[in-house]
Amino acid sequence: MRSKLLILDDDDVVLALLSRVFEHDEMELFTVTDGREALRIVAEERPNAAIFDLNLTGESGIDVLQEAKGVDPALAIIIATGSRAMRSAIDAMRFGAYDYLTKPFNLAALRETVRKAVECNLMTRAVRFTDRRESLQEGGGDEDVMIGSSPEMLEVWKMVGRVAGSDAAVLIQGESGTGKELLARAIYNYSRRRNRPFLAVNCAAIPDTLLESELFGHEKGAFTDAHARRIGKFEQCNGGTIFLDEIAEMSLLSQGKLLRVLENQEFERVGGRETIKVDVRVISATNRSLVQAVKEKTFRLDLFYRLRVVNFFLPPLRERTEDIPLLAELFVTRSARQHGKPIRGIAPKALKLLQEYPWEGNVREMKNVINSAVLLCKGDLLLPEDLGPLLPGCGEVRRHHVIGGGDDFAQFFLSFLGPEFDAVCRKKNGTVYESVGRGLEVALARLAMERTGNNQVMAARLLGISRNTLRDRLGGAGSTGRSGR
Ligand SMILES: Nc1ncnc2c1ncn2[C@@H]1O[C@H](COP(=O)(O)OP(=O)(O)OP(=O)(O)O)[C@@H](O)[C@H]1O
Ligand SMILES: [Mg+2]
């Protein structure tokens, strides 16, 4: 599903510029010049994110923001301002703006902020639990489903119900890909704070020095780049819930501040003296053992206790294989629909392969594998042949399928890239095409050199490229070979 972005600005030139910036980003755009129209779009189209100009003719972007938040509390609104209006921009944060940016825009920063705002909006999508096949027919696109019928998962859901009425801090532990984020959203959706803000911070994605200011904000002049006061996430989601993902990566300094928020609901902005009171519920998650981190003295014991007042553990998929048939069915249905393939299910032998596989990347890995298998599948049922090549270790099927794959290179690469694609996207966001393409070119160049006994002329001819290109792709690595002249 394409995400939707609403842009409100009374200046046509700005609208035209922003339309050009976002038209390639697979976004559905709505551009409007007045507040009433913007509110109509919010109600009817439910955009994921919005950019509102602060100073509109005859009205203030902040008033529109407040009304829009009344219509859809989850809408992530970015306020755009001339730098002189900075003070009001900061007010906007208190009224629930996602962020603010100054004009003239730094386009790279703008795109990044919009991307994060959309992500933040998607985090508030509802999560529904089910342990039954019949209810897999999903409702609207606004809802995610968390499925499982193993005793472990049923226990998890009971516990979500038990803590729904409390504001206690929640810690979710589990290997990567076990569904921690999905569960965090579910806990929020079922809590009494579900109509209040929900913000997520990935503690591993932000450098140490910036994390403190991201969470707690800073005063003007607190450090070299602090040109103006910044409101941090804790202040911004006052009354709501904050999701601290990958909490084990948090620095000891930020841990100290977080402890104080949990104990006394107060903190100071970086470089500030004013004590700020907040009421925020903390849900945190980690795929590393916090007990181990405490032992290694990289994590505070007192904070550990404060965070895990309610403690969830999501077991690895290989320890709850009862969940595999239901998950497989969900992912096959979803991905067949997404790719417009007439696949009606999964053959018993193929399901057995899935149940026997160790799934180190847990549910995420299985979802990716099924997605690739659906793309590869030629019939209307997923067969062992469709899955084998995607499951390292299922050797026989792999060799037959891939090496015998002839000249269907797309299929060949799908089987390798498919299961890794999520990880690649995370690491190379924005340069996936270039990075993977470059890797392939380098690999081809090296193989061709090997095949031709390091003869550059023959290798270039074999590949159908110039010698200069070949040399470039070999970089330092292959240039020591014979010149081939
Ligand atoms: N029980 C489940 N039912 C349906 N989908 C699931 C379930 N568990 C996980 N998923 C899906 O698997 C993927 C990974 O889940 P999620 O991002 O919540 O994992 P995580 O534990 O946060 O991983 P990481 O530690 O790597 O961040 C998501 O696409 C999620 O929707
Ligand atoms: Mg996660």
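These are my notebook entries on a predicted model of a protein chain with a ligand.

**Entry: domains**

I started with the division of the chain. The protein chain is split into domain 1 (3-116), domain 2 (126-315), domain 3 (318-424) and domain 4 (432-474). I then took the pair formed by domain 1 and domain 2. Their centres, taken over C-alpha atoms, are 27 Å apart. I looked up the contact too: domain 1 gives 6 residues and domain 2 gives 6 residues. On the domain 1 side, I sorted the touching residues by class and found 4 nonpolar, 1 polar and 1 charged.

**Entry: ligand 1**

Next I asked which residues are closest to ligand 1. They are Ser176, Gly179, Lys180, Glu181 and Val363, out of 16 residues that surround the ligand. I sorted the shell by class: 7 residues are polar, 5 are nonpolar and 4 are charged.

I then looked at which elements supply the shell. Strand S9 (143-147), helix H7 (180-189) and helix H15 (362-376) give at least two residues each.

**Entry: an open sheet**

I traced a sheet of 5 strands. It is open, its pairing is parallel, and its order is S11-S12-S15-S10-S16. The edges are strand S11 (198-202) and strand S16 (310-314), and each of these pairs on one side only.

I picked one pair for detail. Strand S10 (residues 170-174) pairs with S16 in the parallel sense, over 5 bridges. Within this pair, I found Val310 of S16 as the bridge partner of Val170.

I checked the backbone next. Most residues other than glycine have a negative phi, and most peptide bonds are trans.

The peptide bond from Lys103 to Pro104 is cis, with omega near -5°. I placed Pro104 in the loop between strand S7 (99-103) and helix H5 (107-123).

Gln265 has a positive phi, near 55°. I found Gln265 in the loop between helix H10 (252-264) and strand S13 (266-268). Is Gln265 buried, exposed or partly exposed? I counted 14 C-beta neighbours inside 10 Å, so Gln265 is partly exposed.

Asn454 also has a positive phi, near 65°. I located Asn454 in the loop between helix H19 (432-451) and helix H20 (456-463). Asn454 has 18 C-beta neighbours inside 10 Å. Burial needs 20 or more, so I logged Asn454 as partly exposed.

**Entry: Val332**

My last stop was Val332, in helix H13 (residues 324-339). Why does Val332 count as buried? I counted 23 C-beta neighbours inside 10 Å, and the cut-off for buried is 20 or more, so Val332 passes.

I listed the contacts of Val332, leaving aside neighbours within four places in sequence. They are Ile343, Gly345, Ile346, Ile370, Val374 and Leu382. I also took one distance along and across the fold. Val332 and Ser149 are 183 residues apart in sequence, and their C-alpha atoms are 18 Å apart in space.

Key
Residues are numbered from 1 along each chain as its sequence is written. Chains are lettered from A and ligands numbered from 1 in the order in which they are written. This is a predicted model: local features need pLDDT of at least 70, side-chain atom pairs count only at pLDDT 80 or more; totals for chains, interfaces and linings use all residues. A residue is near a molecule or strand if its C-beta atom, placed from the backbone, lies within 6 Å of it. Helices (H or I, at least four residues) and strands (E, at least two) are DSSP runs, numbered from the N terminus. Ala, Val, Leu, Ile, Met, Phe, Trp, Tyr, Cys and Pro count as nonpolar, Asp, Glu, Lys and Arg as charged, and the others, Gly among them, as polar. Domain bounds come from an automatic or database domain assignment. Two residues are in contact if their C-beta atoms, placed from the backbone, lie within 7 Å. A residue is buried if 20 or more other C-beta atoms lie within 10 Å of its own, exposed if 12 or fewer, and partly exposed in between; C-beta atoms are placed from the backbone. Two strands pair if DSSP finds at least two bridges between them.
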